[in-house]
Structures are given as structure tokens and as C-alpha cells.
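Welcome! Take a moment to look over the sequence and the model before reading on.

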Amino acid sequence: MSTDRDATRVVRAGLPDEEAYAPPLPGPVFAAHYHLPGDVAGAPYTYGRDANPTWTGLESAIGELECPGDEAAHTVAFASGMGAISAVLLSRARPGSVFVLPDDGYNLLAAMRERLEAFGAEVRTAPTAGDAQLAQLDGASLLWIESPSNPGLDVCDIRRLTAAAHERGVLVAVDNTLATPLGQRPLELGADFSVASGTKALTGHGDILLGYVTCRDQELADSVRLWRKHVGAIPGPMEAWLAHRSLATLDVRTRRQAENARAVAEALLERPDVTGVRHPGLPGDPAHEVAARQMSLFGCVVSFTLPGKAEAERFLGALRLVDDATSFGSLRSTAERRGRWGGDAVPEGFVRMSVGVEDAEDLVADVRHALDVAAGG
């Protein structure tokens, strides 16, 4: 078993064995079908919707990051994060199934609740903070955890919730998008599924859509892989190749982003016109104690609230180094007034900021200047 550390592992994860005169990372394979003589049983590649060598490399790489040293890890890549989320939830939806979801998670979970209920399933919700989902587990089929939650950045004790769920025969899925597998490893904390949008920090360049599910259990992995085949939620080979290429810098990106995010959060705490500053890496953050037990990196996202909608929009308009954009995890810093989308229970002046890899002093100076402009009216 390899004893390499994360910074080494990400550079070599999923690469094929060395071959003379071959590239270290083979280029994307574009194929709708493959030469397939004779019996198809056991054939690794048959048709383009089932498998692709470029997916195989990426899936192997992500598996090495989610479960280092565990060859039983199975990763299934999807066309988007919602493709991955849908595969886990909808592949298990039956009349009478009971799902426990966070009520403060990604805002499309509300639409997913409607879909699950249309299938005849029951959906219960509870906040992420305080392990409140514990009270909803009796009789459940699957517990969905999002920690840290998006956009509020609350954290729950994944190991505790998972143990309680398994005592009741409940499967557990963890949305690990914000943390990435370098910041948190849900399967090592006991979860059955680790799910993420690779669109965000995993690939980190803001140029592709991607999702994935990793399991240790072959049957669970097969269930989401079959769902991918049936609905066609497959990643393109170019997107898969770009994602694999981008993994090599995951360690340097996420560490710089986490350091920058804390610097920005600390600067925000100094402002009397800013309230509700959240970042799990802040020692005084309500989530810090639990986060420190299960996370090795605290992520790139900072959330905070300005007095109102007008102040938030002036702040965003005055930023020079931070783009007004949705999503998070890119090399380039972004921020948005989250309330513009609806669906999130946040104040009108609530801002979610994704901190990039720019110089921390430059970012802090830019944020302070924009806050001055926002306060000046």
C-alpha cells in the first residue's frame, strides 16, 4: 500500500503504468463504439454510454483520493454534480422509502424533494448544525448529509450521524463538494456514498461540469453506474480528461484557497458593518470544533451578511479582483448575493464568497475597499 502523502498522490493518481514513448496522461478517447468481436461478457469497453478509457483513468484517480490505499473503492463519474446526486437518490427511490435531507443544503435539494415525493417516497428534513438529522432517522432508508453546508457553512458530526444511521439500517451519503477529498474523506468517516460536484474545487478552473460518486460497496456502485447508463448522464471524454489533468494541482490550490479564505474571513470580522461571518477554519466559528475533528482543510468559501440588498450589490460592484458569479472553487475569486436565486433561507444582504489563489493581501485590500464603497452609499 502506498504511503505517499496527498501532495504526491494527486500528481500521480490514476496514471497508467509507464510505457516507453507514451504520454504520462493519455489524451481523451473519443469513441461512440469499440471493436467488439465475439462474446461481450467481460469486455471492458463495448459502447460509449457504458464506459470509456478516459473515464476509467479519472475514476481511478478520484478513488485513490477518496480512499487512499483501498483498492475496493469504486468511483462513477457523471456529467454534473446534479447527475451524481440524482443517481444516488433516485436510484433508491421506491414507494414508501424514507429520505432524510438537510433543510439548509444546496438549493436544488428542494426540487429533488418534490421528485422523490412524486415517486411515492417520504422526505424528512432537518438543519445541518447540531446533528439535528439524528432525530429523523427512525424508519429511514437513506440519510443525506451536506457538511459543510452550502451556503451557510454549518457542519455536523459525520461519524456520529453515520454510526447512528447504520444502527438503524440506514444508508448514508455525504455531499463532499465544498471540502474535496483532500479536506475530508466521508467514506473513512463511515459513509456509504461520497458524492461531489467536480465542477467546483476538485477541478478548480471553472471550465467544465462534472460529478462523481465513490463507494466501497460494489453493489452500491453498480446501482449508480446502472442509473448513469439508463439516463445517459455521462461525462464527455474531453471533460473527463480536463478533470484528470486538473487533479494534479488540487493540493496546492486547495491549501492556498483555504489560507486565503481564512485571511478574508478575519478581515471581515474587523468590520462593524459585516455580520454573520462564517468559515469553518475560524477558531471562533460555531462549526470549528466539529470541523477540526473531521476536516484537514476548511475550504475556500466564506459567507457573511451586509445590512441589505443595496449594500451587498454595491459591495459586489466595487470589487476589482472578485467576479460576481455563482459556483465556487475556482482559481479566481468569485462572490454573489445568494438571495438573488431564491430557495436559500438567507437575508437579502447575504454574500457567499469563493476565495481563489490570488495574493491574500491583495484580496483583503480589495474586500476592504469594496466594503468602504458599500457603506458609503
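This report looks at one helix and then at the cysteines.

## About the model

This is a predicted model, in which local features need pLDDT of at least 70, side-chain atom pairs count only at pLDDT 80 or more, and totals for chains, interfaces and linings use all residues. Residues are numbered from 1 along each chain as its sequence is written, and side-chain values use heavy atoms, leaving out hydrogens and water.

## Helix α7

Helices (H or I, at least four residues) and strands (E, at least two) are DSSP runs, numbered from the N terminus. Helix α7 covers residues 218-231, and its 14 residues should span 20 Å at 1.5 Å a residue, the expected span being 1.5 Å times one less than the number of residues. Its end C-alpha atoms are 20 Å apart, which agrees.

At the start of α7, a side-chain oxygen of Asp217 comes within 2.9 Å of the backbone nitrogen of Glu219. Just after α7, Gly232 has a positive phi of about 75°.

## Two faces

Leu220, Ala221, Val224 and Arg228 of α7 are buried (under 20% relative accessible area; exposed is over 50%, partly exposed in between, with a 1.4 Å probe and protein chains only). They cover an arc of only 100° around the axis, so they lie on the same side of α7; the arc is that of the directions from the helix axis to the C-beta atoms. The face turned away from this buried side carries the exposed Glu219 and His230.

## Cysteines

Counting pairs of cysteine sulfur atoms within 2.5 Å as disulfides, the total is zero. For Cys67, the nearest cysteine sulfur is that of Cys215, 9.3 Å away. Cys67 is buried, with a relative accessible area of 1%.

Terms used. A polar contact is a pair of N or O atoms within 3.5 Å; within protein, one must be able to donate a hydrogen and the other to accept it, and residues adjacent in sequence count only if both atoms are side-chain atoms.
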